[in-house]
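Hi everyone, thanks for coming. I'd like to walk you through one model today, so please have a look at it with me.

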Amino acid sequence: MGYDVHITRRENWWDEEGQDISTAEWEAAVAADPGLVMAPMWWSAGRIVSKNPSDAVIARMCEVAKTLDARVQGDDGECYDP
């Protein structure tokens with residue numbers, strides 16, 4: 001088991017309702033930034049997830065979240081600033 005950090009548009013990543021990040025949006029972000037191919041992030045159920053991310057990966061997630069008009073939130077609900 002690990003600790004996940006999420007890029008989400010929902011109030012809380014675990015909420016069942018709210019705006020999703022589509023697979024097409026994620027694929028477009030990866031196409032626009034080839035470095036994301038190597039990043040330990042993946043699309044899942046309307047959000048982008050990384051398991052046990054380093055501080056550098058969280059910083060990268062904040063950059064991606066900004067381009068997707070989303071935010072970064074940890075498993076326990078804490079938010080990370082860009």
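Let's begin with Arg10, which is buried, with a relative accessible area of 10%; buried means under 20% relative accessible area, exposed over 50% and partly exposed in between, using a 1.4 Å probe and protein chains only. Arg10 sits in the loop between β1 and α1. Helices (H or I, at least four residues) and strands (E, at least two) are DSSP runs, numbered from the N terminus. Which residues surround Arg10, leaving aside its neighbours within four places in sequence? Arg10 is in contact with Asp15, Glu16, Glu17, Gly18, Gln19, Asp20, Ala45 and Arg71, where contact means heavy atoms within 4.5 Å.

A quick word on the ground rules. This is a predicted model, so to speak of local features we need pLDDT of at least 70, side-chain atom pairs count only at pLDDT 80 or more, and totals for chains, interfaces and linings use all residues. Residues are numbered from 1 along each chain as its sequence is written, and side-chain values use heavy atoms, with hydrogens and water left out.

Now the overall picture. The protein has two helices and five strands, and along the sequence they follow the pattern β-α-β-β-α-β-β. The radius of gyration is 11 Å, close to the 12 Å that the globule rule gives for 82 residues, so the protein is as compact as a globular protein of that length. That radius is taken over C-alpha atoms, and the globule rule is 2.2 Å times the number of residues to the power 0.38. Among contacts between residues at least 6 apart in sequence, 59% join residues at least 24 apart. Buried residues make up 39% of the 82.

On to the inside. The largest nonpolar core has 18 residues, and those with the most contacts inside it include Ile7, Trp26, Ile48 and Met61. Such a core is a set of buried Ala, Val, Leu, Ile, Met, Phe, Trp, Tyr and Cys residues joined through side-chain atoms within 4.5 Å. The elements giving two or more residues to this core are β1 (4-8), α1 (23-32) and α2 (55-67), and the largest share, six residues, comes from α2.

Two members deserve a stop. Ile48 touches, among others, Ile7, Trp26, Met41 and Met61, not counting residues up to four places away in sequence. Leu36 is placed in the loop between α1 and β2 (42-44), and at 4% relative accessibility Leu36 counts as buried. Leu36 and Val64 are 28 residues apart in sequence and 9.1 Å apart in space, C-alpha to C-alpha.

Asp69 is exposed, with a relative accessible area of 69%.

That's my tour, and I'm happy to go back to any part of it.
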